[in-house]
Amino acid sequence: AASLDFPPFENLNGDKPEGFAVDLMTLLAEEMGLECEYLPSTKFDTIVPLIQTGGKADVGVSSFTITDKRLQQVDFTDPYCNVNQSITVRSDSGITDVAQLEGKKIGAQRRHDRLRVGCENIKDAEVTGYDEMTAVFAALDSGQIDAVSVDLPVANYYVRSYSDCQVIKEIPTGEQYAVAVSKE
């Protein structure tokens, strides 16, 4: 199960999953003599409960950060990527420093207990959660929000795709991505 909207790790190209985590899962399955089959793109915040209940999906691969809360619900493989958070704004916003986001609207993907990661120290920030990263960047592009808080590799991908935005801050969080598996 994966939320296939988090490039460069997992996303759809037409109806075909692609990205680093997709390639990793394909290679792992091949090494184990298995076939990797993706469910239709699944909302991120439903994947851990889906893995917990079992039956429909064997693993969750959606750039899951290992957290204490998630470790109470599922187990994880060894980490496959270390990442930090970032803040991205429109290039024409005039915002060049995180302090300028005080009282502003910041968008992020709803990811369980992770919605405010990267925004904790921005005074009076109004953080709005979206189901998909494409919706977060569309909201930035249309002026509905002033900034995006997201993992740096994903921000860099979108900055290349949306030439009118820029990363203004990397926030060292030392997060580790891993594959979620059932405790069973």
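The model is predicted.

The protein chain holds five helices and 10 strands. Its radius of gyration is 17 Å, close to the 16 Å that the globule rule gives for 184 residues, so the chain is as compact as a globular protein of that length. Along the principal axes, the C-alpha atoms fill a box of roughly 55 × 35 × 25 Å. Of the 184 residues, 45% are buried. Among contacts with a separation of 6 or more, 67% join residues 24 or more positions apart.

The protein chain exposes about 9400 Å². Carbon and sulfur atoms supply 46% of that area. The chain carries 16 positive and 30 negative charges.

Helix α2 spans residues 44–53. Within α2, Phe44, Ile47, Val48, Leu50 and Ile51 are buried. These residues cover an arc of only 160° around the axis, which puts them on the same side of α2. An α-helix has 3.6 residues a turn, so residues three or four places apart point the same way. The cover over the buried residues of α2 comes from several elements. Strands β4 (59–65), β7 (105–109) and β10 (165–181) are among them. Helix α3 (68–73) also contributes to this cover. Gly54 follows α2. The phi of Gly54 is positive, near 70°.

Methods:
Residues are numbered from 1 along each chain as its sequence is written. This is a predicted model: local features need pLDDT of at least 70, side-chain atom pairs count only at pLDDT 80 or more; totals for chains, interfaces and linings use all residues. Side-chain values use heavy atoms; hydrogens and water are left out. Buried means under 20% relative accessible area, exposed over 50%, partly exposed in between (1.4 Å probe, protein chains only). Helices (H or I, at least four residues) and strands (E, at least two) are DSSP runs, numbered from the N terminus. The arc is that of the directions from the helix axis to the C-beta atoms. Contact means heavy atoms within 4.5 Å. The radius of gyration is taken over C-alpha atoms; the globule rule is 2.2 Å times the number of residues to the power 0.38. Accessible areas come from the Shrake-Rupley method with a 1.4 Å probe; for residues, only the protein chains shown count as cover. Lys and Arg count as positive and Asp and Glu as negative; His and the chain ends are not counted. The place of a charge is taken as NZ of Lys, CZ of Arg, CG of Asp or CD of Glu.
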